[in-house]
Structure formats: structure tokens, C-alpha cells
Amino acid sequence: MKLYNTLTRQKEEFIPLKEGEVKIYACGPTVYNYIHIGNARPICVFDVLRRYLEYRGMKVTYVQNFTDIDDKIINKANEEGSDYLTVSKRYIEEYKTDAKGLNIQEATIHPLATENIDQIIDIIQTLIDKGFAYAADNGDVYFRTLRFNEYGKLSHQPLEDLQAGARISVGEIKEDPMDFALWKSAKPGEPMWEAPWGSGRPGWHIECSAMARRYLGKTIDLHCGGQDLIFPHHENEIAQSECCNGAPFARYWMHNGYINVDNRKMSKSLGNFFTVRDVADQYGYEPIRYLMIASHYRSPINYSVEMIEQCKAALERLYTCRENLEFVLGNAQSEAQDGDEEMKSRFLAHRDHFIEAMEDDLNTADAISAVFELARDLNTALGVGSNSSKNLCRFALNLFDELTGVLGLLYNRKEQSLDDEIEELIRQRTEARKNKDWATADRIRDELKQRKVVLEDTPQGIKWRLEE
């Protein structure tokens, strides 16, 4: 498999440190509000990456953190008159609701920043001891950025440009504007923890270095997140981790592209800011997931009502294909037929296309195309009215589920059933058709339609579905 490595700016063969095992760290949300559709993209994209690696036989350890202490969380708590724990716990649960709706597999480990304070303090103390960090007079601790000669290697920005944009904010006591906070000194009314250099709380960047090392080791296979995290967050993670551990931090870096709304940057001030919950309430969660993986992960996405409607329609076509396969399988007469193996080979060519796309830098756009090509072939060869064997139908259904499952799609299948009265009406209509009593058959059909039961007459029998 080849992945585009942000660190080297080129596609590289993905070779884990240990054969057959992959260690991934994904930056999770800061839990002070509902996640927005921009947050949903990395969550969905890297869930597909994990699913695919597991599909190819890899053992994946997937760590996704929750930032449960942060300025935004404290501000939210102050607005509500509550505390940071109340806010963070509430929005962790809200995140889990949205993640379940998006069919995100639960991480192997979901660590919290506040559960790793000892590890954070240990890294900061090591950096101080090595001369890479210093405690200011006010109790803040900063990283000496210029001591790390490779600073800027992930974002590929010249040090001169980074220095030109660096500033010292009010209340900061830095040796250099480029230095960044590892520890923030205690302030009245804020949560705090004791440390050798004074009480306070961790900075944002240090928590990920601590959790990645604790749960995955000093060097991890893959670190991923949104494009907006490349600088300064991931750049700072590299600096503090490699200076502390004396080892490369992550061998591969993957970053997904931005999401625009109606071709404009998403912003609360522009009034085009949408939470996942907002969109899901109107369209459901699955069209959101589909939108997030329908384009190549490094390409920008433009969210619009038209786009989400197109995603919903695309999913309906896939659901219809699967429902037809189930119907044909349920009504197939023979167990096997001549030509089954030839048809299987034809269907498997689409799986080869799917794998080829996924192996090429997780190209989910082409992989989805392969699924639709398979659906087209299945509808032609095994559509309603065909005389296919159970053997071939069962194979086709399993293959269809296999590929859509890697993408995490078609997870809202509903077991549809009819009550006894509806079943009796369908039986009466079938009898009327046998007797060529077309008036009675049409009357029952119209009555069922009014009750949102739609019938389709096929050579294999009556196919029905419930209208929403």
C-alpha cells in the first residue's frame, strides 16, 4: 500500500515497524461542543483506513484522544456556571452519539488528557533537564523551539517565515517568540495539577506526545489528522517528542483536506457553520459519512444541500441493489448452475479494482466507483426476474457486503416485515391475479399503496417494500 506522507511530500510504500501490526494515533476532538462537519471528515476517513488495514489482515492499534482540559472547555464551563468535568463529560457522550451514527468503530484506546498528567509532567521534566524547555518566572513552561534544528520539517516552512509570524502574547514570558507552551501556570478559578515547577495545567500540544508514547511507544507507524493541525500542533508534537525521546516520533503522517460550505470557508461569523447533529437531524448520518469518503481524502470537499442530497440518492441506489440481491437469493430455485464460476470471476474483477484504488493512497473515490460498477453488473446479471442460482446470489451478496463493509456503508439496513392483515391482502391479490380478476388485484394494490406498501410483480413472485 502506498500513502502520501506529509513529512516527505510524496507517496511512499507503507511499511509498519512490525510486520502485520500498525500503530496509529489520531487527534481527537476538544470536547466543549458538538462536533461540526469539518470534524467529521478525519473521523470518517481514518476509520476507513483502519477498516481497510484490518481487511488486509493487519492488527491495528488505534488511539484517538479526547482533549478534556483546554481554554475553550474552561470558557464554556464559566458561561454555564459549571465546571470543566461537567462540560467535557457531556460532550464526550455527545461525540459518542455522533460517532455511532456515523458508524465509526470505537478506538482501541480513547485516552483523556487529564488521565495522563503524570506522563505529561514526566516529558516536560525530561525536556527541562535536557535544556529543551524552561520554566518562566510566572510558572509557565515553554519549549525552546530554536534548539530543535529540524523545526518546520512537517509543514515545510522556512524557519525565517515562522519567526516572522511569531508573537508574544500578553502575560507570556518567553525567551523567544517562537517558543510554545508546555505548561500553563495556575490561574484563579481554573483546574490545576501540582508539578515540580509549580501548579497549573498542560498545554495543548504536549498531551498528544504523552498519550502517543504511553499507548504506542516512542516511535509510531502513523499519525493522522486534519490539514489544519499540521502547523503548529503536529509540528510541535514532533519537536517535543523527538527531543524528549531521542527517536523519530511518527514515520508516516496523513492529513485530510478542508471542507467548504457552498464554496466558502465554514465559519460561525458567515452563518454557514453546521454541526454533524444539525445535518443528521435533517438527512441522517449515513449521507454525511458517504460525503466524507466520496472524494479523495486530500482533496477539499464542498458541502451543500445539493451535495448531501446526491449522497443520499447514491446510498439509495446501493441499498436497492442489496435488497434486490436478497430477494433474488430468497427466491432462487437451483443451488448451482453452469456459468456460475465465470460470473464469479467477472464480479471479482471489481474487487480487484476496489483494492487497487485503496492501495493507491486510500483512494476511496475510485473504490466507491468500483462498488457502483459491481452494483451495475449485479443488477444486470442477478436483477429481479433473473433465473440465478442460490450459489451465485449468495456469493454476490457476500462480495457486495464485503466491499461496502470496508467503507463502513449500508449499516442502516432495516428488517422489514408485514403484519398479518397486509400479508393476507397480498395473498388475496396473488389469488386474484391467478384468476385474472384484474379489478380486484388493482383495487388491493391501490389499497396497499395507500398504506405505504409498494408491490412489484416479478417472474419470481411479488416483491414489496415499505415507503418511508
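This is a predicted model: local features need pLDDT of at least 70, side-chain atom pairs count only at pLDDT 80 or more; totals for chains, interfaces and linings use all residues.

Student: OK, what's the strand order in the open sheet of three strands?

Tutor: The order is E12-E11-E13, and the pairing is mixed.

Student: Which ones are the edge strands?

Tutor: Strand E12 (264–265) and strand E13 (301–303), since each of them pairs on one side only.

Student: And do E11 and E12 run parallel or antiparallel?

Tutor: Antiparallel: strand E11, residues 259–261, is joined to E12 by two bridges.

Student: Switching topic. How many cavities of 30 Å³ or more are there?

Tutor: One. The largest cavity has a volume of about 50 Å³.

Student: What lines the largest cavity?

Tutor: The lining is made up of Ile 43, Asp 47, Arg 50, Tyr 62, Gln 64, Tyr 95, Ile 104, Gln 105, Ala 107 and His 110.

Student: Which helix or strand gives the most to that lining?

Tutor: H1 does, with three residues. Helix H1 spans 37–55, and strand E4 (59–64) also supplies at least two residues of the lining.

Student: How does the lining divide into nonpolar, polar and charged residues?

Tutor: Five are nonpolar, three are polar and two are charged.

Conventions: Residues are numbered from 1 along each chain as its sequence is written. Side-chain values use heavy atoms; hydrogens and water are left out. Two strands pair if DSSP finds at least two bridges between them. Helices (H or I, at least four residues) and strands (E, at least two) are DSSP runs, numbered from the N terminus. On a 1 Å grid over the protein atoms alone, a cavity is a set of points where a 1.4 Å probe fits but cannot get out, and a pocket is an open set with protein on both sides within 12 Å along at least five of seven lines; lining residues have an atom within 4 Å of a point. Grid points are joined across faces, edges and corners, and a volume is the space filled by probe spheres set on the points. Ala, Val, Leu, Ile, Met, Phe, Trp, Tyr, Cys and Pro count as nonpolar, Asp, Glu, Lys and Arg as charged, and the others, Gly among them, as polar.
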